[in-house]
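Hello,

Here is the structure I promised to pass on. Have a look first, and my notes follow below.

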Amino acid sequence: MANGNGGSKLRLWCSAFACALLALVEADGLFVDITYVESAVARGAVCLDGSAPAYHLAPGFGSGVNSWLVHFEGGGWCNNVTTCLQRMHTRLGSSKEMAKQVAFSGILSDAPGYNPDFYNWNKVRVRYCDGSSFTGDKEEVDPRTNLHYRGARIWQAVLEDLLAKGMNRAENALISGCSAGGLTSILHCDRFHQLLPAGAHVKCLSDAGFFINVKDIAGENHAAAFFNDVVTTHGSARNLPSSCTSKLPAGMCFFPQNEVKQIQTPLFILNSAYDSWQVRNILIPGGSDPRWRNCKHDISQCSTKQLETLQGFRDHFLGALEEQGTSSTRGLFINSCFVHCQTEIQEIWFAPGSPALGDKKIANAVGDWFYDRSPFQKVDCPYPCDSTCPIFKNS
């Protein structure tokens, strides 16, 4: 971390948002070493390249020693041999390529001023190296590619390692995740609950993981075809909730709108109704009309006609949510910021000027819901009405 004159020069060159974020990281300053689950290799619970799975664990302290936050990182998916080979020798396919330390911020921060309800918990960031939201499991390994599709085994091996390190005594536990990790927290929500002690207070949080089944601007079912390929490539069907696969093709069970209603464990869905990743990859995928290039990357550059399409996407998103019912145990924070993932970024999770619905920032809403202090189910007004969204152009 730069300091002295070097730090001053750095600040002269950074944008206002980057400077604010830098200040928050400096104030937090929690860097956590990697842990490799070497014992998992013998059971075939390995990354795409056959290397050991990994996570980062910051031990809890004080009143949080028996509380556990298990957070799954995102990173998309690979849907065939070609795309999985592209990931295989990166941090998204091999623990050999992962950073030995990562910074914990947002929901993973250890500072009460930046993470009021979870700062002193045992906090785990599970690394993502299987490309299937931890659902795949194929025994055979093609010797020509050496690709291992073993995400479900990784999930089990990592959780068992954490249970052996004290999570088996958890009084409070929350599984969370961002993007593909947010989908992980939905698909594995009840399974996570079943691994914890019977008397534990257990809930699930999905950040930017509510991917919807909607046609792209060309009228094609791009997302549905992609998820079907993911499930087929990884052999995921047997590891998806049977409450869904007994009724629908397995690929459709990657869409939370076909899952959430059957989840028994309390679940909080944190999402933008204009999720920037879904806009760029589901609604307007690569190769779409080039006239959408500026709009898909910066919502403020959209024409009136393009905004109508985005408002239609929002309608589809809210419709998919409404199909899930209004369980009193469910939390909802659906804002209108053009962002993707809001728990890991300190500036968005909890800081001066963070996004809010009503009078609550995201961290307050999630904390109140987890501890049963008050329920939270709010949906924002349509873009551009929300003045608390600070980073439309940069997300």
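Let me start with a term: a residue is buried under 20% relative accessible area, exposed over 50%, and partly exposed in between (1.4 Å probe, protein chains only). This is a predicted model, where local features need pLDDT of at least 70 and side-chain atom pairs count only at pLDDT 80 or more, while totals for chains, interfaces and linings use all residues. Residues are numbered from 1 along each chain as its sequence is written, and side-chain values use heavy atoms, without hydrogens and water.

Now to the salt bridges (a side-chain nitrogen of Lys or Arg within 4 Å of a carboxyl oxygen of Asp or Glu). The whole structure holds 14 of them.

One joins R125 to E73, at 3.1 Å from N to O. R125 lies in strand 5 and E73 in the loop between strand 3 and helix 3, 52 residues apart; helices (H or I, at least four residues) and strands (E, at least two) are DSSP runs, numbered from the N terminus. R125 counts as buried at 16% relative accessibility, and E73 is buried too, at 2%.

Another salt bridge, between E160 and R43, spans 2.9 Å from N to O. E160 sits in helix 4 and R43 in the loop between strand 1 and strand 2, 117 residues apart. Here E160 is partly exposed at 33%, and R43 is partly exposed at 40%.

Finally, K360 and D368 meet at 2.6 Å, N to O, and both are buried.

Best wishes
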